[in-house]
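Me: I would like to learn to read a few local features. Please take me through them one at a time.

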Amino acid sequence: MRRGDEPAGLGGLGTKMLSVLFVCTGNICRSPLAEGVLRAQADLWGIGDRVRVDSAGMTRWHEGEEPTFEGQVSAASRGYFIGDLRSRPITSQDFDNFDWIICMTREHQQGLRERRQRTDQAQILLATAFSPRLGTIDIEDPWGLGQPAYDRALDQLEQCCADILVRVRASVAA
């Protein structure tokens, strides 16, 4: 199975901050979970000041809404607070304002690749590109599937975020 593009190395990151934008469909389930996890893990790893994290949705369906109740419950049960996040759609500026745009599914990745301009700087990646051991390519949308689906998505996102930070930490330590 193809996992999409391999993330480019961060060679020479030096004092540069890495910026990461997580994207899912409506920005109320997976991407805010990933944002909360990556922020918290980066702080625990001592590199929170070197990683800027945000999230967005492919659509405006839920613009301004907070993450789903189930997502907030899953996050809180593991020590992540995401209740202050609000949904927003991805914008054309995001393609230049972020180093990595990390998608939850191949469909999201393809949609963003079609929207990007040649001059845009962001790499458009799958979350699972960092975690091939997960055994899946897409992070399944838990919306409407109950609390266990949110917990499964969070399991996967915690692994992806840890693997993202392994790459980032090696670069900022260099």
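**Buried residues and ring pairs**

Reply: Start with Asn 27. Its relative accessibility is 2%, so Asn 27 counts as buried (under 20% relative accessible area; exposed is over 50%, partly exposed in between; 1.4 Å probe, protein chains only). This is a predicted model: local features need pLDDT of at least 70, side-chain atom pairs pLDDT 80 or more, while totals for chains, interfaces and linings use all residues. Numbering runs from 1 along each chain as its sequence is written, and side-chain values use heavy atoms, without hydrogens and water.

Me: Where is Asn 27 found?

Reply: Asn 27 is in the loop between strand 1 (18–24) and helix 1 (30–44). Helices (H or I, at least four residues) and strands (E, at least two) are DSSP runs, numbered from the N terminus. Asn 27 is not a glycine, yet has a positive phi of about 65°.

Me: How many aromatic pairs are there?

Reply: Rings of Phe, Tyr and Trp (its six-membered ring) pair if their centres lie within 6.5 Å; planes under 30 degrees apart are stacked, over 60 edge-to-face, the rest tilted. The count here is 1 aromatic pair. Trp 100 and Phe 130 form that tilted pair, 5.1 Å centre to centre, with 50° between the planes. The pair links distant parts of the chain, 30 residues apart: Trp 100 is in strand 3, Phe 130 in the loop between strand 4 and helix 5 (147–173).

Me: Are Trp 100 and Phe 130 buried or exposed?

Reply: Both are buried. Trp 100 has a relative accessible area of 1%. C-alpha to C-alpha, Trp 100 is 5.3 Å from Ala 122, 22 residues apart in sequence.
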